[in-house]
Amino acid sequence: MTRLFVPALAALALLTLPARAQTPPAAPWLSVADIATHLAENGFRVMKLDRESDGFEADLIDRQGNLVEARVNPVTAELVTTKYEGRAGPVHEQWLTLAQVARHLEGQGFTVRKIETEVAGYEVDLTDRAGARTEAEIDPMTGAIRSSKPD
């Protein structure tokens, strides 16, 4: 009888222990290029995309030409919040898109932390494979780095 009682008591003790809260592992974040591509596929022209600790901040132009400031979910690329900022200025249609520039840089081994449309091209904050941070000016027609400096 003792042989059966001890395992049963141990099993009962396990059942009465408080349950530990299991937090699911965090889903991996999408890359800047993936976020920009998703937004473009949904009708936005991406002017700025900034990776922050809790997601992405974006400046977008919608289909009607309105400038939109948005928070973007880093896992799904869905808009979390939006704020309309008025009408957008002229867009350089012959330039590479922000998504194309980000994908080009990621293909060279960089992690894009922030990319922003400027008057003469794109300004990008990058991290290379070794972890060095760089601020770079990007040619908007070719995606080539025009100049860079440590960040």
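Predicted model: local features only at pLDDT ≥ 70, side-chain atom pairs only at ≥ 80, totals over all residues.
Residues are numbered from 1 along each chain as its sequence is written, and side-chain values use heavy atoms, with hydrogens and water left out.

The protein chain holds three helices and eight strands, arranged from the N terminus as α-α-β-β-β-β-α-β-β-β-β. Helices (H or I, at least four residues) and strands (E, at least two) are DSSP runs, numbered from the N terminus. Of the 151 residues, 32% count as buried, that is, under 20% relative accessible area with a 1.4 Å probe, protein chains only.

The eight strands form an open sheet with antiparallel pairing, in the order E4-E3-E2-E1-E5-E6-E7-E8; two strands pair if DSSP finds at least two bridges between them. E4 and strand E8 (145-150) each have a single partner strand, so one side of each is left without a neighbour in the sheet. Six antiparallel bridges join E3 and E4, and asparagine 66 stands opposite arginine 87 in E4.

Two of the helices meet this sheet. H2 lies across E1, E2, E3, E4 and E5, running at about 145° to E1. H3 touches E1, E5, E6, E7 and E8, and its direction makes about 150° with that of E5. These angles run from 0 to 180 degrees between N-to-C directions, with axes fitted to C-alpha atoms, for helices over the stretch in contact.

Which residues of H2 are buried? They are Val32, Ala33, Ile35, Ala36 and Leu39. These residues cover an arc of only 160° around the axis, which puts them on the same side of H2; the arc is that of the directions from the helix axis to the C-beta atoms. Just after H2, glycine 43 takes a positive phi of about 95°.

The largest nonpolar core has 29 residues, among which Leu49 and Ile115 touch the most other members. Such a core is a set of buried Ala, Val, Leu, Ile, Met, Phe, Trp, Tyr and Cys residues joined through side-chain atoms within 4.5 Å. Leaving aside neighbours within four places in sequence, leucine 49 has contacts (heavy atoms within 4.5 Å) that include Val32, Ile35, Ala36 and Leu39, as well as Phe56, Leu98 and Ile115.

Notes
Buried < 20%, exposed > 50% of the residue type's maximum accessible area, 1.4 Å probe, protein only.
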